[in-house]
Amino acid sequence: MADRITTDLMDDIKTRISNLVTEYTRGLKGCYYTDLRLEIDEGQGAVAENGDSRECYEDTNLSFGVRVIAGKGIRAPGYFGQVIGMSDTGRIEKIVREGIDHAYRRAYSNAAGKLRAKETMGRLGESLCDTTLAPIEVHQDKVSAVFDLDPREVPLKDIIEITKEISKEISSYDRDVRFNQVMASTMMIRELFLSSEGTDIDQSYALTQGLLYVVAQNEEGSQELYDYIGDQRGWEVITKGINAYEKTLRDFSLDLTGDALDLIKAELLKSTDKEVVIVTDPHYNALIAHEIIGHPMELDRGLKYETAYAGRSWLLSGLDNHHIGKQIASDLVTAYSDPSLPGYGHYKYDDEGTPARRVTHIDKGIFKEFMNSRQTAAILGVEPNGSFKATDASFVPLIRMSNTVFAAGDTDTSDIISEVDDGYYLKGHRTPSISESRENFRISAVKVYRIRNGELGQLFRNGGMTSDSKDYLMNVDAVGNDFKMYPIPNCGKGQPMQTKRLGNGAPTMRSRARLTGE
Amino acid sequence: MVSIDELRKGVRQGLGFIKGAGDILGAEIVASSNANLLTRLNYTSHIPCNGVEEPKSTESYGVGVQAIFKTTDGIKTGFGSEPGDLSLNGIRKALDKARRNMVYDPAFRSLPHPSTEKPLLREYHDQRLMDIKDEELVTLGWRVLEGAIGVFNDTGVSEKIIIGGDLTLIQERIAVASTTGIDAYDESSLIMVSVTSMIEGENTKGSGWTTGICMDNFCPEDAGAESARNALATRGGQRIDDSEYNVILGSQPVTDLMNNIIIPSLNLSMIDAYSSAFLGRMRKKVAAENLTIFDSGALPGASGSKSITCEGLPTGRTDLIEKGMVVGFLTDHYYSLKILADEEAKRKLGVDPNDYKEAFAPRNGFRFETGGGRSYSRRVSISPTNVIVDTTDEFTTEDLLQKVGNGIYIGRIWYTYPMNGLGPGDFTSTIIGDSYLIKNGKLSTPIQPNTIRINDNINNLLMNITGITRDKRPTLIWAADEVVYAPEMAIKGVKLSNIAVQEG
């Protein structure tokens, strides 16, 4: 028996626990459905600060999560999740069975509570209903990871060395660089999904990420910038520039440091009371795609699950009051989520075994489709589209973006700028603040340039834009042909909050909004 | 959950084992066991729903080792952990990982030493909360919903009602032992409810919440009922024009600003990284004189209290802002020593830290999991506990309303972020509920949720505080570690913008 957890352990674990999901749960009274997710991660990484190593790690993680739908008279869900260690693998059947028992007791008790509430809450009890999962085709499949340089075979000392050397180089770049932190990590993840319906999905993927956080400061001003490179690939992301930026972590970090130093000399942008013409680059638009396309297109928000946390969606008030089929953007705008694209949001099956497919959100300005789960699809009366994902197997999945993007248009980027007599060019996203149902946003940019007579001019710092979402989308009058996809590593949702990696992309676009700044 | 005795036995045995290893100059061993139990709520009167949507839990236990190694390249430190195993085998695996993970960090000075202070809290957890059964967890969730629905039923409102939120129970046990002589343990429990009720057709929204550390007298239905009453009270909401307004911030907005901007700026690791709204401003006035802020981890009965930090040191009071002046920072042991030896410290703080050593006492080194729990697998970082927003003022809410005269009462904000890093202090946020116009010193017409954005700078807000209530309410916000004991706060000249004009 192995002495440490590795992704190879999954085969043995699977043979020992798969009958729990099918046969054992059949013996539980009123148990209608069970699924089990099990995940093994093998990862390593390092952090350097101001030219010195700060920390590194080489570790593994094994976790599982259970969902049971059960009840008498009415059905309800119950869940359980746990992180376990190598010493637990010898008795994993017992641990998983106890987890199923917890989830079952919660589901059964929840159903009893629902039935009681339905009987005592009068008219307000009428909407309490059976928990139903929309049907899916049952699959058995195995999906292999894609990488050139296996994350498990990268020597940890190489990761330590690369972060330290880059950090050292940044520290000596300029005396106004006050602080820098460089991180690099690479990991292999293997996920197993088993359901009482017979689904059996075994998916593996590699994941590699680099981060720079840099602060430049002098008497003129200061700038704090951070950004990531990453992809669901191996160590080549860091050392060979196989990523959205087509840069190694070193080159990416030095460029971002240069931006910070340029910006401390730039003037502060002034806010405007009125809308101005704004051209936005693909990196900035990736965050627009995330915040005002992706999030409001998550059906759990539409169905109010996130009212107390990450917010609702302005696109759906009720089942008979929504914007499906209506124009919500200029006819130049098409947007979709596509897990089949490479990037942080790539996967073949979601966390309830639904085959993933492209979900077209906006087709030439018309709102078409939400991302959904089996439960929310059943409520809306549509087919599941494979968008239910958890950050870790011990957590309950949420409806999540995959690779959510604005589609490319057919205009040359240079034309989008040269057609502007007076406007602004926002380059690189920074921080978003979005209103509760995603109907308004303010997003800051790394750099803002004045556009005069079709040419880029003065550089400004600490600026951004704000607009009502629909106004902004309806005012789009140019979409470029320079589509790019970026990694977004830190999307927060749910309770407890789950931080998820996903992809967002876009081309250059032009619209109108108010500038934000001083 | 693993018992505290087993955790203590694990770290003590582990220490004995590690002391025998030839290349180890020192070590800190932490063992913990945590459970986060939660019933998530989603009730919608106009959409089929489950009511209690997710009764669930996540659990883990294990051991972590931070060790100092003597190597041919000098002294190095490393951290490793092993889940699910408190035996010597688990310790050995964690130590092996720490050895593989060691690096030379010139800023590392030492492991924490035992404090001369003693922990103030003992046996303060609630056994009922530690032993809760699956069925009780589910029932507690239904009680929250019943509280809200009871209010709606009493008033006859039945159209487009939303009730969302959760009841969360956190069970935490931790033991720490080190070669420097630390031998400490802690056991804590926390229960909290956060609920939002809406009448969606009328665009009204109300919040309710409660926190506690024991089951006796804990009434989850009260939070549900409060949220429903507040939703009903904000019917008929109006918009306002873009302008600067005199405002009163309720407990939730004060907490949101504390959590996202002010407390991160008072974290010594952020000062170290040149990222704070208070960079270079220690011993300088950053707020009106009526504002005092301190962190108090050992407050008896308070929701965020712990007996010890995750470094095994006693918790206690750390003064942060006193009568408007920055006087201290939240820190762990690592940063408390790093700042004293930092050649750039005066630039970062504005003063020589060696003149104010007491301002950098390591009372806030924790290993918090997202959503609660003290993790054996995380390195120590700096976290607040109970943040007390205090004042010399003796105002009541009514006094503040009179003082403002005409303005805006802001009861709940959301998505509060520093837009250009913490340093410049620029921030934005949207007002999403529980808010009213103030007319002639009284609460007047409700304000429509999601129609106002705050665009301002934290430095302006802090300097323009005109009054703070004496009473405070323990308040939690989404994904926060700390509980803020938040008063209401009057502030002049806050910049508000009218948004989402074209609805839907």
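In chain B, strand β9 (residues 317-322) runs antiparallel to β10(B), and two bridges join them. Within this pair, B:Ile321 has B:Val326 of β10(B) as its bridge partner. Strands here are DSSP runs of E of at least two residues, helices are runs of H or I of at least four, and both are numbered from the N terminus; two strands pair if DSSP finds at least two bridges between them. The model is predicted, so local features need pLDDT of at least 70 and side-chain atom pairs count only at pLDDT 80 or more, while totals for chains, interfaces and linings use all residues. Residues are numbered from 1 along each chain as its sequence is written, chains are lettered from A and ligands numbered from 1 in the order in which they are written, and side-chain values use heavy atoms, with hydrogens and water left out.

The two strands belong to an open sheet of six strands with mixed pairing, in the order β10-β9-β8-β13-β22-β21 (chain B). Because β10 (325-326) and β21 (473-475) of chain B stand at the edges with a single partner strand each, one side of each has no neighbour in the sheet. Helix α6 (residues 251-265) of chain B packs on the sheet, touching β8 (291-296), β9, β13 (386-391), β21 and β22 (483-486) of chain B. Contact means heavy atoms within 4.5 Å. The direction of this helix makes about 125° with that of β22(B), where axes are lines fitted to C-alpha atoms, for helices over the stretch in contact, and angles run from 0 to 180 degrees between N-to-C directions.

Chain A also has an open sheet of six strands with mixed pairing, ordered β14-β13-β12-β17-β24-β23. Its edge strands, β14 (366-367) and β23 (484-493) of chain A, each pair on one side only. Three bridges join the antiparallel strands β12 (residues 335-337) and β13 (residues 359-363) of chain A, and A:Tyr336 stands opposite A:Thr360 in β13(A). Helix α6 (residues 282-294) of chain A packs on this sheet, and its direction makes about 120° with that of β24(A).

Elsewhere in chain A, A:Ser435 lies in the loop between β18 (422-434) and β19 (440-452). A:Ser435 counts as buried because its relative accessibility is 0%, the cut-off being under 20% relative accessible area with a 1.4 Å probe and protein chains only. Leaving aside neighbours within four places in sequence, A:Ser435 is in contact with A:Asn440, B:Trp414, B:Thr430, B:Arg453 and B:Ile499.

Definitions and conventions
Buried < 20%, exposed > 50% of the residue type's maximum accessible area, 1.4 Å probe, protein only.
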